[in-house]
Amino acid sequence: MTRLLLARHGNTFAPGETPVMVGARSDLPLVAKGEGQARALGLALASAGVDPHRVFAGPLKRTADFARIALETAGLQRPVMIDEQLREIDYGPWEGRSDAELEAAGQGAALAGWRERSIWPAGIGWQPEEATLEARVRAFAEEAVEGLPAEDDVLVVSSNGVLRYFLKLVPGAFEAAVAEGTAKLGTGRLSALTHHEPTGWSLVFWNREPEAIVGA
């Protein structure tokens with residue numbers, strides 16, 4: 001059994017700032033709270049005695065820095081491998097726009113569909129296409145655990161748009177999370193899947209505080 005730990009990067013907006021859609025073209029750094037969320041993950045890894053055999057992050061500052069801060073806090077010397085397959089979705093004309101701006105432009109229903117039910121908005125021009133993203137996530141996950149001994153861990157840091165598609169590795173998990181409105185990951189939150197040979201993937205927990213790893 002190999003465990004895949006999925007972490008969403010921390011906050012990129014400070015108190016008082018208006019959040020906007022940030023995707024592949026918005027390379028924002030972590031704010032102070034986001035750095036604190038990375039340290040919280042590092043403390044949880046140390047408390048649980050988890051030393052991931054491999055650590056991957058998307059190429060944007062917010063994901064790469066989150067992974068590095070977490071490892072440094074945990075006192076771990078693993079390198080962070082930057083992988084383009086973990087790059088956030090390009091939200092096209094939604095990029096850089098607030099919820100209020102999108103609602104004023106008549107996109108409120110599509111925005112709510114994505115946020116609440118993970119419905120990919122049609123005709124907006126997001127890239128890559130949803131089927132391509134799903135295939136990319138599946139290929140990455142298989143490569144990430146390939147050749148690892150049993151009981152090893154892999155840490156993956158990416159963004160909410162990408163990470164929710166890891167649920168598709170587990171039959172029925174994505175659909176169940178969509179029905180419950182729980183597919184979205186909060187900033188700094190952690191999820192875990194396990195990979196068994198030859199049966200495939202199982203869901204351990206989803207969208208929890210990093211402390212959930214202790215005893216999991």
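I began with the helix pair: the axes of helix α1 (residues 32–48) and helix α2 (residues 61–74) come within 7 Å of each other and cross at roughly 45°, where axes are lines fitted to C-alpha atoms, for helices over the stretch in contact, and angles run from 0 to 180 degrees between N-to-C directions. That makes α1 oblique to α2, since angles under 35 degrees count as roughly parallel, over 145 as roughly antiparallel, 65 to 115 as roughly perpendicular and the rest as oblique. I noted the helices and strands as DSSP runs numbered from the N terminus (helices H or I, at least four residues; strands E, at least two).

I kept in mind that this is a predicted model, in which local features need pLDDT of at least 70 and side-chain atom pairs count only at pLDDT 80 or more, while totals for chains, interfaces and linings use all residues. Residues are numbered from 1 along each chain as its sequence is written, and side-chain values use heavy atoms, with hydrogens and water left out.

On the α1 side I found, among them, Leu41, Leu45 and Ala46, and on the α2 side, among them, Phe66, Ile69 and Ala70. The residues of this contact divide into nine nonpolar, four polar and two charged; here Ala, Val, Leu, Ile, Met, Phe, Trp, Tyr, Cys and Pro count as nonpolar, Asp, Glu, Lys and Arg as charged, and the others, Gly among them, as polar.

Next I turned to Asp51, which lies in the loop between α1 and β2 (54–57) and, at 40% relative accessibility, counts as partly exposed (buried means under 20% relative accessible area, exposed over 50%, partly exposed in between, with a 1.4 Å probe and protein chains only). Leaving aside neighbours within four places in sequence, I found Asp51 in contact with Leu76 and Arg78. The C-alpha atoms of Asp51 and Arg78 are separated by 8.3 Å, with the two residues 27 apart along the chain.

I compared two further loop residues. Thr12 lies in the loop between β1 (2–8) and α1 and counts as buried at 10% relative accessibility. Ser118 lies in the loop between α4 and α5, counts as buried at 6% relative accessibility, and has a positive phi of about 55° although it is not a glycine.

Last, I checked the peptide bonds, and recorded that the one from Gln127 to Pro128 is cis, with omega near -5°.

Technical notes. Contact = heavy atoms within 4.5 Å.
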